[in-house]
Amino acid sequence: MRAATRREEVRGPAGRIECAVDEPQGEARGVALIAHPHPLYGGTLDNKVVQTLARAFVELGYAAWRPNFRGVGASEGVHDAGRGEIDDLAAVLARAGAARPVLAGFSFGAAVQAKLAARVPPERMVLVGTAVTNLEVPPVPAGTLVIHGELDETVPLAAVLAWARPQDLPVLVVPGADHFFHRKLPALKLAVTANWK
């Protein structure tokens, strides 16, 4: 992501978890844990949406941790359909020393973070392109920032609205954005930083 990015290894239930960590200038106000999209479809901690979220959180003063899920990069283990991945994210949080973290994720990563939030109450959540059509995504805390592309062909906007509606959860729509926010990454970053308290 940038020269200051460092790699960390965390011991998880299935072995080593590879993480990229970016720190803000000065003392961090907290930890933001960012989960990447589906590992069986090329998702990694270097995904452009995940990197954009990390940049936004560093700008907001958070230490941004981006782990690779099981079987991706130098992370050990095999894909566990979003079950063991929750335990892995919890292990990263324990290593990062985050009692009330910001939980953020993209697509598959957003769905896994929604499940982790039931175990680890977050300071706040940011979910992008939440994979509500392929996975069971539980309700999330009030105040969660849900961002979705208007033209998302992978997870249709209507499906996310149907998931959010019973929760009275607002959805911030980025006009013209597809699932991967091609040519819309600056708008995605602004959607996070401009809506932070």
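Glu18 of this predicted model is in contact with Arg7, Glu8, Leu45, Arg66, Pro67, Asn68, Val72, Gly73, Ala74 and Ser75, leaving aside its neighbours within four places in sequence. Glu18 has its place in strand β2. With a relative accessible area of 15%, Glu18 falls under the 20% limit and is therefore buried.

**Strand β4 and its partners**

- Strand β2 pairs with β4 in the antiparallel sense, over four bridges.
- Within that pairing, Ala20 has Arg66 of β4 as its bridge partner; Arg66 is also one of the residues in contact with Glu18.
- Strands β3 and β4 run parallel and are joined by four bridges.
- Here the bridge partner of Leu33 is Trp65 in β4.
- How many of the six residues of β4 are buried? Six of the six are, so β4 is largely enclosed by the rest of the structure.
- Both faces of the strand are covered, with Tyr62, Ala64 and Arg66 buried on one side and Ala63, Trp65 and Pro67 buried on the other.

**Nonpolar cores**

- As general background, nonpolar side chains tend to be buried together in soluble globular proteins.
- The largest nonpolar core in this model has 39 residues, and those with the most contacts inside it are Leu33, Trp65, Leu116 and Trp163.
- Two or more residues of this core come from each of β2 (15-22), β3 (30-35), β4 (62-67), α2 (84-96), α3, β6 and α4 (157-164).
- There is also a second, separate core of 26 residues, with Ala32, Leu60, Leu145 and Ala177 among them.
- Which residues does Leu116 touch, not counting those up to four places away in sequence? They are Leu33, Ile86, Leu89, Ala90, Leu93 and Leu103.

**The α2 and α3 pair**

- Two packed helices are described by the angle between their axes and the distance between the axes.
- For α2 and α3, the axes come within 9 Å and cross at roughly 70 degrees.
- That angle lies in the range of 65 to 115 degrees, so the two helices count as roughly perpendicular to each other.
- On the α2 side the contact is made by Glu85, Ile86, Leu89, Ala90 and Leu93, while α3 brings Val112, Gln113, Lys115 and Leu116.
- By type, the residues of this contact divide into six nonpolar, one polar and two charged.

**Helix α5**

- Leu188, Ala191, Val192 and Thr193 are buried in α5.
- What do the buried residues of α5 pack against? They pack against helix α1 (48-59) and the strands β6 (124-128), β7 (145-149) and β8.

**Two loop residues with positive phi**

- Ser107 is found in the loop between β5 (102-106) and α3 (108-116).
- Its phi is near 60 degrees, a positive value in a residue other than glycine.
- Arg183 is found in the loop between β8 (171-174) and α5 (185-193).
- Arg183 is not a glycine either, yet has a positive phi of about 60 degrees.
- Arg183 is exposed because its relative accessible area is 79%, over the 50% limit.

Terms used: Residues are numbered from 1 along each chain as its sequence is written. This is a predicted model: local features need pLDDT of at least 70, side-chain atom pairs count only at pLDDT 80 or more; totals for chains, interfaces and linings use all residues. Side-chain values use heavy atoms; hydrogens and water are left out. Buried means under 20% relative accessible area, exposed over 50%, partly exposed in between (1.4 Å probe, protein chains only). Contact means heavy atoms within 4.5 Å. A nonpolar core is a set of buried Ala, Val, Leu, Ile, Met, Phe, Trp, Tyr and Cys residues joined through side-chain atoms within 4.5 Å. Axes are lines fitted to C-alpha atoms, for helices over the stretch in contact, and angles run from 0 to 180 degrees between N-to-C directions. Angles under 35 degrees count as roughly parallel, over 145 as roughly antiparallel, 65 to 115 as roughly perpendicular and the rest as oblique. Ala, Val, Leu, Ile, Met, Phe, Trp, Tyr, Cys and Pro count as nonpolar, Asp, Glu, Lys and Arg as charged, and the others, Gly among them, as polar. Two strands pair if DSSP finds at least two bridges between them.
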